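Subject: Structure handover

Hello,

Here is the structure we talked about. My notes follow below it.

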Amino acid sequence: MKKLLLAGTVMLFGLSNAQIKTGTLYLSGQAGFSQNKDNNTENKSQNFSVIPTVGVFIAPNLAIGTGIGYTGSKAENTDVNNLGFGVETLQSTIKANAFTARPFIRKYWTLSDNLYIFGQLEIPVEIGKRTADLQLNYFDMNGYTYFQSINIEQKYTSFGVNVKPGLDYFINKNWTIEATIGEFGYKNMKIKDQENGTDTFNFGLNLSSVTFGVKYFFAK
């Protein structure tokens, strides 16, 4: 029992002294691309993002910073409806592009000399545009055909509040591997010229939503 108490005391003493120093600067970010295609319908979608991030420690184990970047998506869908006396085909292409800024504050707690757990409060803001190109085709057994093309453009802004827990492991004094495990958050999106916005709540803390990244520390 005495040995266990001694080991615990030594561990706690070590945790209290392993801190990231005030003034330490780091760079990180995310760049992603994904594509999905349904071979049965030829429907497909793409998503991409580039968001570099900079942070600085304003106190031991306490950092502030921001990510600034660009996100985009594209979805192409074809729906065919057999109405019995005719066939209706709707083809749609929906695009979204946005500039995003994500200021944050992050608090670290030491688990060992190289391993830290953190909690991050993030306030993401987006300014973007969505466009939809729709083409409707119809024909029936009597030879009647109908065609209509519709183009829609919407500008939007959004803001949110996210809390993200995670782990940071120092490979050496400059490079770390970071993992975030889900997020808890709220997002409000407002489309220009529309009176009401859309509220979205997100609560996820599970291994299926773990994301990984790397950071470079300008260690002193």
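Buried means under 20% relative accessible area, exposed over 50%, and partly exposed in between (1.4 Å probe, protein chains only). This is a predicted model, with pLDDT of at least 70 needed for local features and 80 or more for side-chain atom pairs, while totals for chains, interfaces and linings use all residues. Residues are numbered from 1 along each chain as its sequence is written, and side-chain values use heavy atoms, without hydrogens and water.

D193 counts as exposed because its relative accessibility is 76%. N61 is buried, at a relative accessible area of 5%.

Now the pockets. On a 1 Å grid over the protein atoms alone, a pocket is an open set of points where a 1.4 Å probe fits, with protein on both sides within 12 Å along at least five of seven lines; lining residues have an atom within 4 Å of a point. Grid points are joined across faces, edges and corners, and a volume is the space filled by probe spheres set on the points.

The largest pocket has a volume of about 1000 Å³. Its lining holds 41 residues. Q30, R102, E122, K164 and E183 lie nearest its centre.

The second largest pocket has about 260 Å³ of space. Its lining holds 13 residues. Nearest its centre lie Q19, I20, F170, K173 and A219.

Best wishes
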